[in-house]
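Subject: Structure handover

Hi,

Here is the structure I promised to pass on. Please open it alongside this note. My findings follow below.

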Amino acid sequence: MVSQGKIDVTLLSDEDIPTCFQVLSKSFGHNAPFVDIYFPNHDTPSGQAQGSKRLTAWKQSPDGSIFLKAAKRSGDGGQEQIVGLAIWTFMKEAPPAELEKAENVEEVWPDKDDREYMTRLWREYVIPRTQTINESDGKGVYVLELLAVHPDYQRLGAGTALVQWGTKAADEQRVKAVVEGTPAGRRCYEKCGFKPQIEEMRFDVGEEFKERKKPKLIFLTREPEPSTR
């Protein structure tokens, strides 16, 4: 467990996921186009139910992802309030370039155009991550796949604590950490030692989708810090 002031970071349970998904939705609102298309209707009851189902299936899968929650307690032994979440994955193999190998695309994106748009976004999204994994000489990298902090509880250290859980694990393994981050999260990532490698990730989705909002994401990496032992 990592503590940051009154914020505790621990493994989240399956029962925590619906609350965590609500935090995710509140955190991004509709200011992150990638989240909007990846988690359709995430601020509606049906969208949150579907999103929670997908996160639960992901958590229970054998890919080694670590699901964390940041929680705040009111007073001594007070009730826990989940204020943030993160998903870290130690990857030795590149993610699939085709979305249908990672998601049930027809169920999540029943609209054909939405499905095709997300498929093209995904294909571009995984390129920098894949390159970094391939350049690791088999060592692998720690990937921060998701970071969200409830807007009412930002700047209390929750985001930093969730990020530092993974950077500590990366340091112990002597491997890089990477994140595809939003501009809003940049300050937190850089505070934790990440440096931008791609200031604005490219999303070449084709002429037919030129009117759709494209994600604005920064690809950042962090070298492992020398051991102090």
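First, a term: a nonpolar core here is a set of buried Ala, Val, Leu, Ile, Met, Phe, Trp, Tyr and Cys residues joined through side-chain atoms within 4.5 Å. Please keep in mind that this is a predicted model.

**The cores**

The largest nonpolar core has 41 residues. Within it, Leu24, Leu85, Trp109, Met118, Trp122 and Tyr125 touch the most other members. Which elements give two or more residues to this core? They are helix 1 (17–28), helix 2 (33–38), strand 4 (80–91), helix 4 (105–108), helix 5 (112–134) and strand 5 (141–149). Helix 5 supplies the largest share, seven residues. As general background, nonpolar side chains tend to be buried together in soluble globular proteins.

Trp122 deserves a look of its own. Leaving aside neighbours within four places in sequence, tryptophan 122 is in contact with Phe34, Tyr38, Pro96, Ala97, Glu98, Leu99 and Ala102.

**The aromatic residues**

Two of those contacts, Phe34 and Tyr38, come up again here. Both lie in helix 2, four residues apart, about one turn of the helix. The count of aromatic pairs in the model is twelve. Is the pair of phenylalanine 34 and tyrosine 38 stacked or edge-to-face? The ring centres are 5.8 Å apart and the planes are at 15 degrees, so the pair is stacked. The cut-off for stacked is under 30 degrees.

Both residues are also buried, by a cut-off of under 20% relative accessible area. Phenylalanine 34 has 11% relative accessibility, so it counts as buried. Tyrosine 38 is at 13%, so it counts as buried too.

Tyrosine 38 has a further aromatic partner, phenylalanine 39. This pair is edge-to-face, at 4.9 Å centre to centre with 80 degrees between the planes. Phenylalanine 39 is buried, as is tyrosine 38. The charged end of arginine 54 sits over the ring of tyrosine 38, 4.7 Å from its centre.

Now the wider group. One aromatic cluster is formed by Phe21, Phe34, Tyr38, Phe39, Trp109, Trp122 and Tyr125.

Strand 4 is mostly covered, with nine of its twelve residues buried. Strand 3 (residues 66–73) runs antiparallel to strand 4, joined by eight bridges. There, isoleucine 66 has tryptophan 88 of strand 4 as its bridge partner. Strand 4 and strand 5 are also antiparallel and joined by eight bridges. Isoleucine 87 has its bridge partner in strand 5, leucine 146.

Why is strand 8 (residues 218–222) largely enclosed by the rest of the structure? Five of its five residues are buried, so the strand is largely enclosed. Ile218, Leu220 and Arg222 point one way from strand 8, while Phe219 and Thr221 point the other way. All of them are buried. In general, side chains of a regular strand alternate between the two faces of the sheet.

Strand 8 pairs with strand 6 (residues 177–181) through five bridges, and the two run antiparallel. Valine 178 stands opposite threonine 221 of strand 8. Strand 7 (residues 195–198) also pairs with strand 8 in the antiparallel sense, over three bridges. Isoleucine 198 has phenylalanine 219 in strand 8 as its bridge partner.

Best wishes

Terms used: Residues are numbered from 1 along each chain as its sequence is written. This is a predicted model: local features need pLDDT of at least 70, side-chain atom pairs count only at pLDDT 80 or more; totals for chains, interfaces and linings use all residues. Side-chain values use heavy atoms; hydrogens and water are left out. Buried means under 20% relative accessible area, exposed over 50%, partly exposed in between (1.4 Å probe, protein chains only). Contact means heavy atoms within 4.5 Å. Two strands pair if DSSP finds at least two bridges between them. Rings of Phe, Tyr and Trp (its six-membered ring) pair if their centres lie within 6.5 Å; planes under 30 degrees apart count as stacked, over 60 as edge-to-face and the rest as tilted. A charge sits over a ring if NZ of Lys or CZ of Arg is within 6 Å of the ring centre and within 35 degrees of the ring normal.
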